[in-house]
Amino acid sequence: MPDAQNIYDTPSFFSAYATLPRSQHGLAGAPEWPTLRTMLGDLQNKRFLDLGCGYGWYCRYAVSAGARSVKGVEISERMLGRARELDRELELQEEAERGEPRERADQGRKVLVEYIHANLETVDLEPSSADVVFSSLTLHYLPTPSLSQLLTQIHSALTDKGILVFSVEHPIAMAPIDPPAEWQYTRTATTINAVDSDTKTSAGADTDSNPEAQSATRNFRYWPLNAYSKEGPRVVDWLAPGVVKYHRTVETWINMLLVKGFVIEGFRESWDGMAADTGERERPYYLLVKVRKE
Ligand SMILES: C[S@@+](CC[C@H](N)C(=O)[O-])C[C@H]1O[C@@H](n2cnc3c(N)ncnc32)[C@H](O)[C@@H]1O
């Protein structure tokens, strides 16, 4: 019995999702994209399969990068509708640039994306049908038994030496339950005389006359990890109330891949160009993984 929620077909969620930078600007709005692109490598003449393709940004990239065939699987009809609209917009733009309509099919027309309306929990992937399987920010919507089945299918769908590249919300970012997945704040006494510019309180009555004895407190923020090892659903209010995602530890993610027979070739908890002083640096936000079928 599939558990997929298909929240992206809920009109209010779909409208809110459309306002995100990555929905408006595509790959340019996804800071992790250059790192994922490096992990993907050369797509020339490859058969590319995108799981949870959403608006189809990565499918269109694969076409532009010379893939031989491109398929996108997606559960949400609204997301697929938007993907087709964006395909058409790109086609019109390319026609306008060329000053003529696209060549007919028998005149070397470029690869078209094949969109497949299916639930990843029940989809049937054809054996040895893909050289590159990709998935961006989707696999954390699957409960572990469904993910395990899907990974078995991906392994079979890949040709020998084929790769799977995917991103998911980082387990550290997803783990919190109570307190919820938000930065928490505390005021902590710190070292003598380490007065910070942001906050300070004096520890004793005579500190004004004795600056050496002055102590400081500072506002610390921290990410609550008291539920990290408790795997399972996380129900969050993100763009709409009651969005269900599934938390797994990094250990579980890696072991699932190893058990299926994948070899790990890339593993990132940051992306190229990530600013040093952002929250994403302090608390990993995405997990980016590349594995190969051996
Ligand atoms: C955060 S969006 C990412 C979309 C796209 N991969 C991207 O990065 O632009 C997650 C996508 O996964 C799709 N999705 C979630 N669960 C799914 C399932 N069980 N089967 C197929 N697609 C699913 C959602 O409908 C949504 O389009």
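This short talk walks through the ligand site, the salt bridges, the aromatic pairs and a few local details of one predicted model.

Some ground rules. The model is predicted, so local features need pLDDT of at least 70 and side-chain atom pairs count only at pLDDT 80 or more, while totals for chains, interfaces and linings use all residues. Residues are numbered from 1 along each chain as its sequence is written, and side-chain values use heavy atoms, with hydrogens and water left out.

Now the polar contacts. That term means a pair of N or O atoms within 3.5 Å; within protein, one must be able to donate a hydrogen and the other to accept it, and residues adjacent in sequence count only if both atoms are side-chain atoms. Glu-74 uses its side chain: an N or O atom there is 2.5 Å from a ligand oxygen. Gly-52 uses its backbone, with a polar atom 2.7 Å from a ligand nitrogen. Ile-75 also uses its backbone, where an N or O atom lies 3.2 Å from a nitrogen of the ligand. As for cover, the ligand has 590 Å² of accessible area on its own, and the protein covers 96% of that. Areas come from the Shrake-Rupley method with a 1.4 Å probe; for residues, only the protein chains shown count as cover.

Next, salt bridges. How many salt bridges does the structure hold? It holds 12. The criterion is a side-chain nitrogen of Lys or Arg within 4 Å of a carboxyl oxygen of Asp or Glu.

Take Arg-47 and Asp-131. Their side chains meet at 3.4 Å, N to O. The pair links distant parts of the chain, 84 residues apart: Arg-47 sits in strand β1 (residues 47-51) and Asp-131 in strand β4 (residues 130-136). Helices (H or I, at least four residues) and strands (E, at least two) are DSSP runs, numbered from the N terminus. Asp-131 is buried, at 16% relative accessibility. Buried means under 20% relative accessible area, exposed over 50%, and partly exposed in between, with a 1.4 Å probe and protein chains only.

Glu-265 and Arg-292 form another bridge, at 2.8 Å, N to O. Here strand β10 (residues 262-268) holds Glu-265 and strand β11 (residues 286-293) holds Arg-292, 27 residues apart. Glu-265 is partly exposed, at 41%.

Arg-268 pairs with Asp-272, with the closest N and O atoms 3.0 Å apart. Arg-268 is partly exposed at 25%, and Asp-272 is partly exposed at 40%. There is also a network: salt bridges link Arg-82, Glu-85 and Glu-89.

On to the aromatics. A search of the whole structure finds 15 aromatic pairs. Rings of Phe, Tyr and Trp (its six-membered ring) pair if their centres lie within 6.5 Å; planes under 30 degrees apart are stacked, over 60 edge-to-face, and the rest tilted.

Phe-13 and Tyr-17 are stacked, 6.4 Å centre to centre, with 15 degrees between the planes. Both lie in helix α1 (residues 11-17), four residues apart, so about one helical turn separates them. Phe-13 is buried at 0%. Tyr-17 is buried too, at 15%.

Trp-33 and Tyr-61 are edge-to-face: 4.7 Å between centres, 75 degrees between planes. Trp-33 belongs to helix α3 (residues 33-40) and Tyr-61 to helix α4, so the pair ties together parts 28 residues apart in sequence. Both residues are buried.

One aromatic cluster takes in Tyr-8, Phe-13, Tyr-17, Tyr-55, Trp-57, Tyr-141 and Trp-238.

Back to helix α4. Why is α4 (residues 57-64) largely enclosed by the rest of the structure? Six of its eight residues are buried. They are Tyr-58, Cys-59, Arg-60, Tyr-61, Ala-62 and Val-63. Just after α4, Gly-66 takes a positive phi of about 95 degrees.

Last stop, Gln-184. Gln-184 is in strand β6 (residues 184-192). Gln-184 is buried, at 17% relative accessibility. A polar atom of its side chain lies 2.9 Å from the backbone oxygen of Glu-182.
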